[in-house]
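Look at the sequence and the model first.

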Amino acid sequence: MFPWPWLLPTHIFYDNACGLLKHVQHQGDKFFELVRPVFHVRNHHKKDADTFCNSNSNPALFPKLRLTDGKWILNSSIAEQINIWFSAFQAITCEMSIPRYNFFLDEMILIRNEWLVGELEHKGKQPFKLDFEARKAEWFASHSE
């Protein structure tokens, strides 16, 4: 999904973020060293026993994930919401070949994204696409030392 490090996001919301972080650190993987796996912690650590998770993957630790008024920039429950949306296609796709399945879901995602951008613009939001060439130049500039 991220073939070059400059395409990596700074934060990844992942259901088992602390497990992912432990795995990447154990493997000595440097590719993801600038990425922080984060999880929406509500109901995640009922016992609050895992200090590693609470001190490394709690979104409250990352002020860049909040606006100046304290509201969250991203909806960290989006993965569950997207999985629910995908499940609506299960009956349609269960017998498809792999290429047809990939094509179909890719087209559905493109159509939904176009609709979602229109909805956001209608609500006065400002959706945008990332400038990957600028990200690449920024990444190389920060890693040239």
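Q: What covers the buried residues of H1, including which strand?
A: This is a predicted model, where local features need pLDDT of at least 70, side-chain atom pairs count only at pLDDT 80 or more, and totals for chains, interfaces and linings use all residues. Residues are numbered from 1 along each chain as its sequence is written, and side-chain values use heavy atoms, with hydrogens and water left out. Helices (H or I, at least four residues) and strands (E, at least two) are DSSP runs, numbered from the N terminus. The cover of H1's buried residues includes H2 and strand S2 (36–38).

Q: Which residues in H1 are buried, and how wide is their arc?
A: Buried means under 20% relative accessible area, exposed over 50%, partly exposed in between (1.4 Å probe, protein chains only). In H1, Ala-17, Cys-18, Leu-21 and Val-24 are buried. They sit on the same side of H1, because their arc around the axis (directions from the helix axis to the C-beta atoms) is only 125 degrees.

Q: Which cysteines form a disulfide?
A: A disulfide is a pair of cysteine sulfur atoms within 2.5 Å. The structure holds one. Its sulfur atoms are 2.1 Å apart, and the pair is Cys-18 and Cys-53.

Q: How many residues apart in sequence are the parts that Cys-18 and Cys-53 tie together?
A: Both cysteines are buried. Cys-18 lies in helix H1 (residues 17–27) and Cys-53 in helix H2, so the parts tied together are apart in sequence by 35 residues.

Q: Is Cys-94 buried or exposed?
A: The relative accessible area of Cys-94 is 53%, so Cys-94 counts as exposed.

Key. Contact = heavy atoms within 4.5 Å.
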